[in-house]
Amino acid sequence: MTNSISTDICIIGAGPVGLFAVFEAGLLKLRCHVVDALPQVGGQLSEIYPKKPIYDIPGFPDILAGDLVQNLMRQIEPFHPTFTLGERVERLAKLEDGSFQLFTTDGTEIFCKAIAIAGGLGSFEPRKPAIESLENYEGGRGVYYMVRDPETFRDQRIVIAGGGDSALDWTVFLADVAKEVTLVHRGTTFRGAADSAEKVKNLHEAGRARLVLSSNVTHVHGQDGLEAVTITANDGTAETLPVDSFIPLFGLTPKLGPIGDWGLELEDDAVKVNTLDYSTSVPGIFAIGDINTYPGKLKLILCGFHEAALMAQGAFKYINPDKKYVLKYTTVNGVPTL
Amino acid sequence: MTDEVRVYVEEAPSQRREVVAPTDMALSLMEVLKASGYDIQATCGGMALCGTCHVEVLAGPALDEPSDDELAMLESLPIMTQGSRLSCQIRITNRLDGLVVRLMPQNT
Ligand SMILES: Cc1cc2nc3c(=O)[nH]c(=O)nc-3n(C[C@H](O)[C@H](O)[C@H](O)COP(=O)(O)OP(=O)(O)OC[C@H]3O[C@@H](n4cnc5c(N)ncnc54)[C@H](O)[C@@H]3O)c2cc1C
Ligand code: FES
């Protein structure tokens, strides 16, 4: 069943700039739907540096990136934006009346009157280990690069690979859900959250999860779906283990992705815009934040916020060509709700 | 004392390109490689947070031991070899002269 959504502006990207665009559009009484490929909002702030302080947000001498995301979410609450998270926008089509239809990887369809691309550095894609034929088992056939729904793994035999926080955390969590969990780590020590590493070691000792150190998953096997993986130790010894699912967790890295194929004028993997209203070469599609480029562009949150304000005016005019827009300060009327 | 060093980037087996790097500007190897036209994302700007400046040291002078932050990042990548380093964590100093590195693919 396809999920179909209808809104005024579809914002692609739930980073700080996409979130603030909801506020600016809301002041003009435009409804927003926000889509992000990641399962959580915040873009780079949540994915790369949630615990780092930022010092150049006006009015905040310092604020943790994660807290800024929380504040932005609170600030846009009155406008009741809707979200599709964990799905990437793949394709878009311009309809005859000048509105748009967007399609996501998971089959969600979004009808909107204008589009604001706030895609940052692109969508975050999993880093994949170099294992031959791995791609044959993607798409629900046994290899998963993130855990969206732990229930997928109920009563399964699973192998997780990686030495970072998510590999440790999911090993702990899935030990209660799966039938058998093996964590394969290339090194002998875990840095970062010592607490999670301790939990994994305890589970291993209690026989509730298996920890294989100094080893890599080197081969995947199976006819129609995944049936087994080969784990090779640094000393060359190998074992082949029957499994239902293999979950390599090596972090995410941003890739421009489908935005590059939408017929927009690009320069060095960024979307060229007119700084009057941050419109792109396609009327009705705007681009704000790290994804755009123009003479003098600075990739800063502050600059993206400014761009969001001007974009909202441009989108308002595109959606309402006959209405006149009059600037109102939020200090005069407060923040309207939608 | 000279205020530049030479580092070599192995672009293919037995094909090395010389890169001249100033030692008096407090640059990192990542910044020098980027400035020399290499395709390095360096999303985090040198904070050991993104792993997109991953290189493998093939030969040359001994380097300082990686910090815990650098090791933690390296360990989270799918490929890590004996010589794996984050180029943003290597400061260009006179001691680096003759270093040979190879860029690791960005998604690994
Ligand atoms: C370590 C670090 C420190 C930084 N420190 C500062 C600082 O102190 N001050 C400052 O101003 N800036 C700082 N920056 C830069 C700042 O993070 C960026 O300018 C900001 O995140 C840009 O916001 P954005 O909303 O444009 O994009 P992003 O934060 O990159 O968000 C874009 C979102 O779009 C999503 N997306 C992309 N394509 C698609 C698609 N096709 N479908 C669905 N979703 C998609 C992505 O998944 C992502 O979540 C820092 C950056 C880093 C990495
Ligand atoms: S530039 Fe990000 S880790 Fe080096």
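## Basis

In this predicted model, local features need pLDDT of at least 70 and side-chain atom pairs count only at pLDDT 80 or more, while totals for chains, interfaces and linings use all residues. Residues are numbered from 1 along each chain as its sequence is written, chains are lettered from A and ligands numbered from 1 in the order in which they are written, and side-chain values use heavy atoms, with hydrogens and water left out.

## Annotated binding site

An unreviewed UniProt entry gives "binding site" for A:Asp36, A:Gln44, A:Tyr49, A:Val89, A:Phe124, A:Asp290 and A:Thr331. These residues span 296 residues in sequence, and their farthest two C-alpha atoms are 37.4 Å apart, so they do not all gather at one spot. A:Tyr49 and A:Phe124 are included in the lining of the second largest pocket. UniProt annotations may be inferred rather than shown by experiment.

A pocket is an open set of points on a 1 Å grid over the protein atoms alone, where a 1.4 Å probe fits, with protein on both sides within 12 Å along at least five of seven lines; lining residues have an atom within 4 Å of a point.

## A:Gln44 and A:Phe124

A:Gln44 belongs to helix α2 (residues 44-47), and A:Phe124 to strand β9 (residues 123-126). Helices (H or I, at least four residues) and strands (E, at least two) are DSSP runs. A:Phe124 is buried at a relative accessible area of 9%, where buried means under 20% with a 1.4 Å probe and protein chains only.

Contact means heavy atoms within 4.5 Å. Neighbours within four places in sequence aside, A:Gln44 is in contact with A:Tyr49, A:Leu121, A:Phe124 and A:Asp290.

## Aromatic rings

Six aromatic pairs are found over all chains; rings of Phe, Tyr and Trp (its six-membered ring) pair if their centres lie within 6.5 Å, and planes over 60 degrees apart count as edge-to-face. The rings of A:Phe23 and A:Phe79 have centres 5.6 Å apart and planes at 70°, so this pair is edge-to-face. A:Phe23 lies in helix α1 (residues 16-27) and A:Phe79 in the loop between α3 (65-76) and β5 (82-85), so the pair ties together parts 56 residues apart in sequence. Both A:Phe23 and A:Phe79 are buried. Together with A:Phe20 and A:Phe305, they form one aromatic cluster.

A:Tyr144 and A:Phe153 also form an edge-to-face pair, 5.2 Å centre to centre with 90° between the planes. Both A:Tyr144 and A:Phe153 are buried.

Definitions and conventions. Buried < 20%, exposed > 50% of the residue type's maximum accessible area, 1.4 Å probe, protein only. Phe/Tyr/Trp six-rings, centres within 6.5 Å; stacked < 30°, edge-to-face > 60°.
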